[in-house]
Amino acid sequence: MTGADVKPLLPVKVPVPSDIEIAQSVEPVHISKIADAVGLLPTEYDLYGIHKAKVKLNVRERLAGKPDGKYVVVAGITPTPLGEGKSTTTIGLCQALGAYLKKKVLTCVRQPSQGPTFGIKGGAAGGGYSQVIPMEEMNLHLTGDIHAITAANNLLAAAIDVRMFHERTQTDEALFNRLCPADKQGKRKFAAVMLRRLAKLGITKTDPQELTPEERRDFARLDIDPASITWRRVMDTNDRFLRAITVGKGGEERGQTRDTGFDITVSSEIMAVLALATDLSDMRERLGRMVIGNDTQGRPVTADDLGVGGALTVLMRDAIEPTLMQTLEQTPVLVHAGPFANIAHGNSSVVADQIGLKLVGEDGFVVTEAGFGADIGMEKFMNIKCRASGLTPDCVVLVATVRALKMHGGGPPVVAGTPLHHDYTTENVALVTAGCCNLARHVQNALKYGTPVVVAVNRFASDTDAELEAVRAAAMEAGASAAVICAHHGLGGAGAVDLAEAVVAATAGPKPDFKFLYDVNISIKEKIETIAREMYHAAGVEYLPEAEAQIEKYTRMGFDKLPICMAKTQYSFSHDAAKKGAPSGFILPIRDVRASVGAGFLFPLVGSMMTMPGLPTRPCFYDIDIDPATGKIVGLS
């Protein structure tokens, strides 16, 4: 079968209507039908309405002896601010595998944030005739996982400030007695979470009455250094005016003010924990060991030191279960987690992939997506997510577009919200060819992991055959096992059949001999420099004084064996978004290094990174409304 022979199963229209018009033109089947088809038992999921369900993690136990399916990760070349259709390609590929090639397939994607949905980029349910539906539900609250993260993150933030307040206003004895109040019989006892702090302090006593005054003081006083606090409040809205705030201005706080700020929820470490945890117990441990800062002696202070690790897990209890949805062509999708790709590791959850690989079985396929360009999302997928999951990919699909390659070849800037320059809408093979250095770099980077690469050239209406052939030829010359022109946006799965065939062929042999880029046991600087050299082609790394101090501190604290999650612009291999193509020979500046100990990585800050986006002059929310007569949402994209 080839794409030219395939008739679309969907009633496609030309020109392609808006995403929401397409999504609302197809009636989703009851989610129980999708669950049955993928092999879930009725006891292994909970319905959230009729079009989505939460999948229980115990399905892995039932299928533990079943072989895994093929594991495919979709990444992309360095994108324009408009995006190159990576999510759309992920969904189109799965529609082709399932609805046309009749393979068992499961798509794993991240949950969209309200930030881009109401901001400038729009939602992340795919596009055209390759979408997850209902797209309104996916792009808005879904099953509330992001709201659970917001609640848990802000509970921890509140615990930090109130603990400092009470420590400053009470004696050692009063503080201890309030932390361990006496019952009606006058007996005091430790809460279960307090035993973790006692163990950390080397105190083996479990009866509060037996602690010496010095032990009581050490237990009760965290002595948090306010200047060291890295934990900030979050909300899932682009609100630039909350990037820097002062808390404690109320009269009851007795002048104990502190400068802090808000990040967007998807950049919270709790989101990264959700994506990397393997079960409820693992999530509990990761949440408890999250470091919020250090004490006045330089020792790390954790969520469990604050006594809140268990409560965070309670708030996150339902969030650890992936959400089952469907594509326009009724193939199954697991939507789960949504960590930032330029701050955190930018991949959907470990548990969704693990569940999917068991459900599809030996002859099936799980297709998961890594955020932004492959130098960010794919590198973190390989070196962070694969370490956490124990899974390794059978194939990398690398999404490229003529538009992005023209930009990398020296085309005018691409700016969201403004019309494209005519260079992007008229044929210019020379510009495309000049930009293919970016594609070649990404292909060669992916091959370093020992995994075959299939290039998916996402065709836009203005692309010409000569331009597309230039991209295909460059991909093959760079070492791709196949390079396929795709039209899934306008045709659904029918437009990605050739891509699906190429993926089947690339994964037909033995499991690839996967290789990590670095050994986690080397030093922090060695890991940073390996990524800078091998993925970005930097000539060297410059560490600013703040970064040097943090590296020394984290090494002393024992965090130096964690993998590295580079916080870098997605718009260039370098730290400078203006450097397009395949820059090399530059010095990569590391201005700071921070720790996500619960998630399990260190993240160096490369240049200036924004953790709370701002709204543009003309946000997407201008177009979003509801039809009161039908209750239908309009204007989502």
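Begin by selecting helices H7 and H11, where H7 passes H11 in a right-handed crossing (the near helix is turned clockwise from the far one by less than a right angle). This is a predicted model, in which local features need pLDDT of at least 70 and side-chain atom pairs count only at pLDDT 80 or more, while totals for chains, interfaces and linings use all residues. Residues are numbered from 1 along each chain as its sequence is written, and side-chain values use heavy atoms, with hydrogens and water left out.

H7 covers residues 145-169 and H11 residues 269-276, and the two pack at an angle of about 125° with their axes 9 Å apart. Zoom in on Ile-146, Ile-149, Ala-152 and Asn-153 of H7, which meet Ile-270, Met-271 and Leu-274 of H11 (contact means heavy atoms within 4.5 Å).

Next, turn to the aromatic rings, for which a search of the whole structure finds 7 pairs (ring centres within 6.5 Å). Select Tyr-71 and Phe-381, whose centres are 5.7 Å apart and whose planes stand at 50°, so the pair is tilted (planes under 30 degrees apart count as stacked, over 60 as edge-to-face and the rest as tilted). Tyr-71 lies in strand E3 and Phe-381 in helix H15, so the pair ties together parts that are 310 residues apart in sequence.

Then select Phe-514 and Phe-516, an edge-to-face pair with 5.1 Å from centre to centre and 85° between the planes. Finish at Phe-176, Phe-190 and Phe-219, which ring pairs link into a cluster.

Key: Axes fitted to C-alpha atoms, helices over the stretch in contact; angles between N-to-C directions. Helix = DSSP H or I, 4+ residues; strand = E, 2+ residues; numbered from the N terminus. Phe/Tyr/Trp six-rings, centres within 6.5 Å; stacked < 30°, edge-to-face > 60°.
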